[in-house]
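Reader: I am new to this structure and would like to learn how to read it feature by feature. Could you give me the general idea each time, and then the case at hand?

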Amino acid sequence: MIERNRNLMVIALGGNALLRRGQRGTFDEQYENVKQTCKILTDIIEAGYEIVITHGNGPQVGATILRHDAGEKLYNIPAFPMDVCGAETQGFIGYIIQQALTNELRSRGIEKNVVTIVTRVVVDKNDPDFTNPSKPVGPFYSLEEVEKLKKIHPEYIFKEDKARGGWRRVVPSPDPKYIVEGTAIKSLVKSGSVVIASGGGGIPVIEEDGKLKGVEAVIDKDLAGERLATFLGAGKFIILTDVDAVYVDYGKQTQKKISKIKVEELKKLYNEGYFPPGSMGPKVKAAIRFIEAGGGEAIIAELTQLMEAISGKSGTHIYP
């Protein structure tokens, strides 16, 4: 039986915490966005809650892979595999969150350690997604660009996105099993530290002959965040995104906002296909898993409405 800490929240930051629509993704842009996010996170800490932070890294890891490819083409610098690129982005995103959050805490007279853990997450080497990759990474390419890239990287797999007009590289997105650094993270939380962990869903590793081995894949950050929240015994698991709540028939005339729902009802809607796999699906799945594992409340809400969501005034709240 997992011991629950009702005062502990695991908060999964969406992409808008780091990068806004229309931005190029410069360091200054991302750091400014993180500073605004950390003001909201500090409000939560000031309210007396303990928090663990996880985050996405989709655009960042895509850009990092492109930098490696450019270095290889232009300067013959060997490109690193995807698991290493994931580790790089965990480090730099963790750093800017640490920096911004530490400064915001100090400006309010709060002294707390803010720590980033480069986190590995074990996946099953026989996960079906390894034979049928589904997760797009990086930019859109023309067919001509795809053919050139395949000559350099014959192992890459590309799929066409007809709706958005282009081709993208796809990689496996296996289901997360457990957090390798879970016990260390738990110790840091108990010491009173704010921990940033499992960034980008964590670095995917498999177990072979008692050893861990990194693999070319990405893990959904919300599904990995649930594993972290459940292991830590968090009372609440909060998934932040760029919409104010979960909707049935989102974007249609028949759309209906879900404010509060029991997990059995949400699971029924999920199984009926109301939440697409490329958008709200993984968030809903992660919320369901958290509650079914004994969590007290899962919340899916918009980033700037975090305080209102915690007080029950916005977002979607999932209960046992």
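Author: Let us begin with burial, where buried means under 20% relative accessible area, exposed means over 50%, and partly exposed lies in between, with a 1.4 Å probe and protein chains only. His 317 has a relative accessibility of 1%, and therefore counts as buried. Please keep in mind that this is a predicted model, in which local features need pLDDT of at least 70 and side-chain atom pairs count only at pLDDT 80 or more, while totals for chains, interfaces and linings use all residues. Residues are numbered from 1 along each chain as its sequence is written, and side-chain values use heavy atoms, with hydrogens and water left out.

Reader: Where is His 317 placed, and which residues is His 317 in contact with, leaving aside its neighbours within four places in sequence?

Author: Helices (H or I, at least four residues) and strands (E, at least two) are DSSP runs, numbered from the N terminus, and His 317 belongs to strand S17, residues 316-319. Contact means heavy atoms within 4.5 Å, and once neighbours within four places in sequence are set aside, the contacts of His 317 include Ser 259, Lys 260, Ile 261 and Glu 297.

Reader: Which backbone oxygen does the side chain of His 317 reach at 3.3 Å?

Author: A polar contact is a pair of N or O atoms within 3.5 Å; within protein, one must be able to donate a hydrogen and the other to accept it, and residues adjacent in sequence count only if both atoms are side-chain atoms. The side chain of His 317 reaches the backbone oxygen of Ala 309 at 3.3 Å, and a polar atom of that side chain also lies 2.9 Å from the backbone oxygen of Ser 314.

Reader: Which residue in the hairpin of S10 and S11 takes a positive phi?

Author: Most residues other than glycine have a negative phi, and most peptide bonds are trans. In this hairpin, which has two residues between the strands, Asp 209 takes a positive phi near 50 degrees. The strands themselves, S10 (residues 203-208) and S11 (residues 211-214), run antiparallel and are joined by four bridges, with Lys 213 in S11 as the bridge partner of Ile 206. Ser 198, although not a glycine, has a positive phi of about 55 degrees; this residue is found in the loop between strand S9 (194-196) and S10.

Reader: How many aromatic pairs does the count come to?

Author: A pair of aromatic rings is described by the distance of the centres and the angle of the planes. Rings of Phe, Tyr and Trp (its six-membered ring) pair if their centres lie within 6.5 Å; planes under 30 degrees apart count as stacked, over 60 as edge-to-face and the rest as tilted. By this rule the count comes to five aromatic pairs. Tyr 247 and Tyr 250 form a tilted pair, at 5.6 Å centre to centre with 50 degrees between the planes. Tyr 247 is buried, with a relative accessible area of 14%, whereas Tyr 250 counts as exposed at 52% relative accessibility.

Note on methods:
Pairing = 2+ DSSP bridges.
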